[in-house]
Amino acid sequence: MLTTSLSRIWIAALVLSLSMGGAQAQEQEQDAASEAWADYLQSETEEEMFTAIRTLVGEGDDALDFLNDEFDGASGDEQLDITYFTATIISQGGLPIERPVPLPEALAEKLAGLLDTSDDAAVHGNIANIAAAAGPSMSAAAPGLLELLRRTEDPGMRATVSVALGVMGEEVLPLLHDELRNGEDDRVRGDIAWIMAGTDMPDDVLAAIEELLDSDNPETREKAVRTLRDSGLTTDNDAVVTAAIANL
């Protein structure tokens, strides 16, 4: 059925090529991503699977557009595949070398929504990787990533989420500042303090980070020390020195 359907599309496009050359090219690009996706789903050997993956990833922006369309109505396993392929495309395949990589707004919003609707840790990890590469275009995911940071104890996930939140730009700073002011988990506040290193912060946010110098968590104290030093506080600050010594 797949072969017959595609051959009919090709014949129709050939007939119309003189008057619809641009539309034909766009349709062929979309068909290439669609074919690769179908080949992946139908693959029976590892060789077939990896060939389909390489083809799909190589389609770049056209593959992202296709995955955005495919997302609607996707099952849990398909959602995992979509997040994996999106992460792979923007990190290593089919796109110009550019950081951050801008994602289509519709796809970014759908991916952000998965942080609330999916309980699959692999999906969450893929989205964190996507956000770390996509930067401001994934800012809709900031609340979900912050909640993920609160829940996870995995060091790798914490680091990836921290990078993702750190590259989203000024739009997410109020959210992070509020967590430093009002959050109850020193480990999370320490991670966010690390994100704030080198940024301009209101006085009450700096004060909240200074409070972390007295934390019972050595990692949190270390991150607070580094952030405050990067923000212009020197080793003459007694609280910074005391916290640094406590971590020796």
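Let's start with Asp 72. Asp 72 is exposed, at 52% relative accessible area. Exposed here means over 50%, buried means under 20%, and partly exposed is in between, with a 1.4 Å probe and protein chains only. Asp 72 has a partner: its side chain meets that of Lys 110 in a salt bridge, 3.3 Å from N to O. By salt bridge I mean a side-chain nitrogen of Lys or Arg within 4 Å of a carboxyl oxygen of Asp or Glu. Lys 110 lies in helix α6, and Asp 72 in the loop between α4 (61–71) and α5, so the pair ties together parts that are 38 residues apart in sequence.

A word on the model. It is predicted: local features need pLDDT of at least 70, side-chain atom pairs count only at pLDDT 80 or more, and totals for chains, interfaces and linings use all residues. Residues are numbered from 1 along each chain as its sequence is written, and side-chain values use heavy atoms, with hydrogens and water left out.

Now the overall build. We have 14 helices and zero strands. Helices are DSSP runs of H or I with at least four residues, strands are runs of E with at least two, and numbering goes from the N terminus. Of the 248 residues, 42% are buried. Take the contacts between residues at least 6 apart in sequence: 63% of them join residues at least 24 apart. Contact means heavy atoms within 4.5 Å. The accessible surface comes to about 13100 Å², and 51% of that belongs to carbon and sulfur atoms. Those areas come from the Shrake-Rupley method with a 1.4 Å probe; for residues, only the protein chains shown count as cover.

Back to salt bridges. The structure holds 13. Next case: Glu 179 and Arg 150, with side chains meeting at 2.6 Å, N to O. Glu 179 sits in helix α10 (residues 173–182) and Arg 150 in helix α8 (residues 142–151), so this pair ties together parts 29 residues apart in sequence. Are the two partners buried or exposed? Glu 179 is buried, with a relative accessible area of 9%. Arg 150 is partly exposed, at 35%.

Asp 191 counts as buried, at 1% relative accessibility. Arg 187 is buried too, at 8%. Both belong to a network of salt bridges that links Glu 153, Arg 158, Arg 187, Asp 191, Glu 219 and Lys 223.

On to the aromatics. How many aromatic pairs does a search of the whole structure find? Five. Rings of Phe, Tyr and Trp (its six-membered ring) pair if their centres lie within 6.5 Å; planes under 30 degrees apart are stacked, over 60 edge-to-face, and the rest tilted. Trp 37 and Tyr 40 have ring centres 6.1 Å apart and planes at 40°, so that pair is tilted. They are three residues apart in helix α2 (residues 21–42), which puts about one helical turn between them. Then Tyr 40 and Phe 85: centres 4.9 Å apart, planes at 85°, so edge-to-face. Tyr 40 lies in helix α2 and Phe 85 in helix α5 (residues 76–92), so the pair ties together parts 45 residues apart in sequence. Tyr 40 is buried at 16% relative accessibility. Phe 85 is buried at 1%. Ring pairs link a cluster of Trp 37, Tyr 40, Phe 66, Tyr 84 and Phe 85.

Next, the core. In soluble globular proteins, nonpolar side chains tend to be buried together. Here the largest nonpolar core has 64 residues, and Leu 103, Met 138 and Leu 145 have the most contacts inside it. A nonpolar core is a set of buried Ala, Val, Leu, Ile, Met, Phe, Trp, Tyr and Cys residues joined through side-chain atoms within 4.5 Å. Helix α7 gives the most to this core, with seven residues. Leaving out residues up to four places away in sequence, Met 138 touches Leu 103, Ala 108, Leu 111, Ile 127, Ile 130, Ala 131 and Met 168.

Last, Ser 118. Its place is the loop between α6 (105–117) and α7 (121–134). Ser 118 is buried, at 11% relative accessible area. Neighbours within four places aside, Ser 118 is in contact with Val 123 and His 124.
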